[in-house]
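Student: I have a new structure open and would like to get my bearings. Could you walk me through it?
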Amino acid sequence: MSQQGPILLVASARRPSFGATLDVARLFPVIETEWADAARAVEQVQPAAVLVATSANDQSRLAELATRVTARQPYLPVIAVDPTIPLPDNVIPFFRGQILQTPSGADRLAARLRAALRVRSLHATVMRRLVPATPMTLSHIDPARDATVLLVGRGGAYPTLSVALGERSGLVGALSIEAAAKHLNSRDIDGMVLGEGFSPRVIDAFLTVLAEDARFRNLPVVVTAGDLAPAYDLPNLEMVSGDAALVVATVLPLLRQHAFEAQLSRTLKAIDAEGLVDARTGLLTPAAFERDFASAIYQTQQRGGGLSVARFAFDSEHPRAQFDGARIISRLMRRMDFGAAEEDGSVVVVFAEADLKTAHTIARRLSSVMRHTSHGKRDARSEPTISVATLLPNDSAKSLRSRLQDDAQRAAS
């Protein structure tokens with residue numbers, strides 16, 4: 001990957017020891033500045049990334065720097081190395097001494113930096129292709145609305161971590177490694193916290209599998225228990241031994257960055273689809289859905305076969321539930337099926353070549369995946385109310401939707 005600009009290194013006085021990491025990794029040019037000039041240097045130098053060394057006196061200056069960079073285009077990552085103060089939500093922490101592994105901490109820092117630069121490069125690509133130009137920045141990402149963290153564990157700290165993480169993002173819980181693997185394969189996960197209840201050998205095997213799968217190599221992973229010896233090709237891996245607040249503070253910036261990367265990837269797919277795909281959900285836009293729906297009904301009636309439609313109605317008090325449900329449906333539905341998120345908080349999906357019984361089976365399977373996601377402080381679940389209707393010989397798109405709506409009203413009553 002080509003260098004996108006200079007690396008800005010911010011420290012209070014002399015050059016910090018991790019500065020040599022950049023030389024070894026050949027990440028240059030490196031421009032050094034003190035905290036008093038950091039904000040001005042960002043404007044003048046236009047860096048590709050910022051690395052900071054913090055002390056107890058730098059909290060207000062770091063907050064100012066974080067505010068300045070959060071709305072920049074393209075994305076400007078800020079990484080705090082061995083932070084000693086609370087960090088803003090858009091500043092990524094990196095702890096050199098927390099994981100006993102090779103490659104060394106220096107190599108890990110370079111890998112963390114390169115992973116962040118890939119997100120910046122993706123953002124630049126989206127900016128170049130998005131017509132008309134639309135602001136799209138990290139500041140638009142709210143973890144509580146846009147990100148999902150997978151919490152894996154079964155120890156005494158699990159309930160506390162569940163509450164702390166659930167207050168800041170969508171949350172999926174897993175009590176076993178096998179359940180965690182199923183969630184990773186069936187839904188979009190933006191980060192993972194691996195808690196207590198597993199032996200070092202099990203954790204080692206799980207992390208090794210993640211590192212070998214290209215889909216999860218850049219996934220943020222925070223391990224809260226166990227000493228790790230082997231090397232893992234996971235640039236966003238951290239080990240945190242502390243209370244739930246420290247775990248959340250460590251994973252949240254990485255979670256937000258990953259959610260931003262996922263949104264950028266969906267936006268590129270939407271651009272490739274010439275605006276027919278909703279970048280937030282991965283489903284069709286409502287207008288594109290209505291056109292395809294009418295066309296599918298006409299072709300089915302002309303050529304024969306079956307067609308069914310399902311409506312997933314979510315709790316209107318928890319709009320995040322519709323978003324998660326739409327993303328799960330987009331990921332798991334069959335290639336010949338299509339759907340859209342509706343303004344009333346529901347998701348409608350068309351199942352091609354499916355009779356009523358088959359459609360019910362598919363809908364129940366999709367709903368069972370949604371059941372394990374919680375939102376907010378009160379553990380509100382995203383399991384929807386499902387209604388299904390199948391195409392009759394004299395149906396139109398309007399009559400089929402009307403019958404589906406009537407079924408939904410009966411199911412809700």
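**Overall build and burial**

Tutor: Of the 413 residues in the protein chain, 51% are buried, and please keep in mind that this is a predicted model.

Student: How many helices and strands does the protein chain have?

Tutor: The protein chain contains 13 helices and 16 strands. Its radius of gyration is 23 Å, close to the 22 Å that the globule rule gives for 413 residues, so the protein chain is as compact as a globular protein of that length.

Student: And what box do the C-alpha atoms fill?

Tutor: Taken along the principal axes, the C-alpha atoms of the protein chain fill a box of roughly 80 × 50 × 35 Å.

Student: Switching to pockets, what volume does the largest pocket have?

Tutor: The volume of the largest pocket is about 830 Å³. Its lining is made of 32 residues, and those that lie nearest the centre are D188, R266, K269, R327 and R331.

Student: Which element gives the most to that lining of the largest pocket?

Tutor: Helix 9 does, with six residues. Helix 9 (244–272), helix 11 (319–332) and strand 12 (338–341) each supply at least two residues of the lining of the largest pocket.

Student: How does the lining of the largest pocket split by class?

Tutor: There are 13 charged residues in the lining of the largest pocket, along with 12 nonpolar and seven polar ones.

Student: What about the second largest pocket, how much space lies in it?

Tutor: The second largest pocket holds about 190 Å³ of space. It is lined by 15 residues, and R280, P319, R320, Q322 and F323 are the closest to its centre. Helix 11 provides the largest share of this lining, with four residues, and by class the lining of the second largest pocket divides into six charged, five polar and four nonpolar residues.

Student: Now helix 12: which of its residues are buried?

Tutor: In helix 12, the buried residues are A359, I362, A363, L366, S367, V369 and M370. Seen down the axis of helix 12, these buried residues fall within an arc of 155°, so they line one face of the helix.

Student: Why would residues a few places apart point the same way?

Tutor: An α-helix has 3.6 residues a turn, so residues three or four places apart point the same way.

Student: What is exposed on the other side of helix 12?

Tutor: On that other side of helix 12, K357, R364 and R365 are exposed.

Student: And what should helix 12 span?

Tutor: Helix 12 has 15 residues (residues 356–370), which at 1.5 Å a residue should span 21 Å, and because its end C-alpha atoms are 21 Å apart, the two values agree.

How values were computed. Residues are numbered from 1 along each chain as its sequence is written. This is a predicted model: local features need pLDDT of at least 70, side-chain atom pairs count only at pLDDT 80 or more; totals for chains, interfaces and linings use all residues. Side-chain values use heavy atoms; hydrogens and water are left out. On a 1 Å grid over the protein atoms alone, a cavity is a set of points where a 1.4 Å probe fits but cannot get out, and a pocket is an open set with protein on both sides within 12 Å along at least five of seven lines; lining residues have an atom within 4 Å of a point. Grid points are joined across faces, edges and corners, and a volume is the space filled by probe spheres set on the points. Ala, Val, Leu, Ile, Met, Phe, Trp, Tyr, Cys and Pro count as nonpolar, Asp, Glu, Lys and Arg as charged, and the others, Gly among them, as polar. The expected span of a helix is 1.5 Å times one less than its number of residues. Buried means under 20% relative accessible area, exposed over 50%, partly exposed in between (1.4 Å probe, protein chains only). The arc is that of the directions from the helix axis to the C-beta atoms. The radius of gyration is taken over C-alpha atoms; the globule rule is 2.2 Å times the number of residues to the power 0.38.
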